[in-house]
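Subject: Structure for you to look at

Dear colleague,

I am handing over the structure below, and my notes on it follow. Please read them with the model open beside you.

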Amino acid sequence: MRGLNLKPSRVYQTASALLASESISQAPPWYKTIGSVPPSEILTRTQPVQHRGSNGRPRTKKASKLFKPQTIVYEEDRIRQEFFRDHPWELARPRVVLEDDGRDGQRCDWSKIAQPGRPLTGESVVQRQLWLIHNTQMSNSEAYDIARKEFYALRQEEEIERRIAKEEAEYVGAYFHKGVLEVGMELEDKSYEDWKAWATKEVEAANLQQQGAYTGVGTESEDAALLDDAEAVEEPATAAA
């Protein structure tokens with residue numbers, strides 16, 4: 001069957017004709033709804049809104065991706081990609097993504113990188129760099145250097161505060177369990193010792209097997225001695241016969 005099948009778009013007209021000819025006794029449950037809100041008559045999809053302006057050149061052939069939604073790109077994406085490419089371990093830090101009303105970012109003043117009630121993350125560098133670019137007319141590299149140095153200074157302050165707090169707590173009798181690095185090193189040492197014991201046993205077994213193997217040294221002399229003994233035994237037997 002060629003052409004378009006228009007039966008689904010004419011279901012209301014078909015039902016009306018059946019009711020008029022009394023082919024059906026009562027209207028279907030969807031009859032009034034389809035009559036008040038008819039289906040769309042457009043048989044092709046409309047072209048989506050273009051986010052990028054065209055260059056004005058006419059197209060010689062139909063585009064294959066005409067109805068594909070375009071990629072949404074923000075200015076922060078490039079800055080964020082640059083920062084996390086230089087600092088990949090920042091992605092390993094746990095983050096809290098809980099928000100109060102969805103407008104927490106609008107209350108931040110990015111004229112300084114430290115924000116009250118908000119932990120220091122890589123996103124702080126991104127927003128601080130974006131603020132410097134828009135408000136101080138700095139280049140991308142200059143704003144990135146300033147935001148990065150401010151980030152390093154605050155990270156260093158956090159590490160110093162954490163170390164001093166631990167020393168003060170230990171001074172008054174607090175006890176801290178082993179850290180993640182210490183536990184990891186102990187597990188690594190244990191695995192190495194187990195492997196060392198297994199390797200020692202394997203080497204000893206290989207040496208014993210090598211020592212007990214048949215080397216084949218002196219086989220010619222032993223074979224000649226056996227032949228002489230056999231001939232000496234055969235000669236008396238022949239003489240007796």
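Phe83, Phe84, Phe151 and Tyr152 form one aromatic cluster, where rings of Phe, Tyr and Trp (its six-membered ring) pair if their centres lie within 6.5 Å, and where planes under 30 degrees apart count as stacked, over 60 as edge-to-face and the rest as tilted. The structure holds five aromatic pairs. In the pair of Tyr12 and Tyr31 the ring centres are 4.8 Å apart and the planes stand at 20 degrees, so this pair is stacked. Because Tyr12 lies in helix H1 (residues 11-20) and Tyr31 in helix H2 (residues 31-36), the pair ties together parts that are 19 residues apart in sequence. Tyr12 is partly exposed, with a relative accessible area of 29%, whereas Tyr31, at 17% relative accessibility, counts as buried; here buried means under 20% relative accessible area, exposed over 50% and partly exposed in between, with a 1.4 Å probe and protein chains only.

Before going further, please keep in mind that this is a predicted model, in which local features need pLDDT of at least 70 and side-chain atom pairs count only at pLDDT 80 or more, while totals for chains, interfaces and linings use all residues. Residues are numbered from 1 along each chain as its sequence is written, and side-chain values use heavy atoms, with hydrogens and water left out.

As for the overall make-up, the protein has seven helices and zero strands, where helices (H or I, at least four residues) and strands (E, at least two) are DSSP runs numbered from the N terminus. Of its 241 residues, 14% count as buried. Among contacts between residues at least 6 apart in sequence, 41% join residues at least 24 apart, contact meaning heavy atoms within 4.5 Å.

Much of what I have to report concerns helix H3. Helix H3 (residues 75-86) packs with helix H5 (residues 140-171) at an angle of about 50 degrees, with their axes 12 Å apart; axes are lines fitted to C-alpha atoms, for helices over the stretch in contact, and angles run from 0 to 180 degrees between N-to-C directions. That makes H3 oblique to H5, given that angles under 35 degrees count as roughly parallel, over 145 as roughly antiparallel, 65 to 115 as roughly perpendicular and the rest as oblique. The crossing of these two helices, H3 and H5, is right-handed, a crossing being right-handed if the near helix is turned clockwise from the far one by less than a right angle, and left-handed if anticlockwise. On the H3 side Arg78, Glu82, Phe83 and Asp86 take part, and they meet Asn140, Tyr144 and Phe151 in H5. The residues of this contact of H3 with H5 divide into three nonpolar, one polar and three charged, with Ala, Val, Leu, Ile, Met, Phe, Trp, Tyr, Cys and Pro counted as nonpolar, Asp, Glu, Lys and Arg as charged, and the others, Gly among them, as polar.

With helix H4 (residues 122-135), the axis of H3 comes within 9 Å and crosses at roughly 130 degrees, and H3 and H4 are therefore oblique to each other. H3 passes H4 in a right-handed crossing. Among the residues that make the contact are Ile79, Phe83 and Phe84 of H3 and Val126, Gln129, Leu130 and Ile133 of H4. By class, the contact of H3 with H4 has seven nonpolar, four polar and five charged residues. The buried residues of H3 are Glu76, Ile79, Glu82, Phe83 and Phe84, and the buried residues of H3 pack against H4 and H5.

Gln129, which lies in helix H4, is buried, with a relative accessible area of 0%; leaving aside its neighbours within four places in sequence, Gln129 is in contact with Ile79, Glu82, Asn140, Ala143, Tyr144 and Ala147. Ser124, also placed in helix H4, is buried at a relative accessible area of 2%, and beyond its neighbours within four places in sequence Ser124 is in contact with Trp110, Ile113 and Pro119.

Finally, there is the backbone to consider. Most residues other than glycine have a negative phi. Glu22, however, has a positive phi of about 60 degrees although it is not a glycine; Glu22 sits in the loop between H1 and H2 and, at 69% relative accessibility, counts as exposed. Gln137 likewise has a positive phi of about 60 degrees without being a glycine, lies in the loop between H4 and H5 and, at 68% relative accessibility, counts as exposed.
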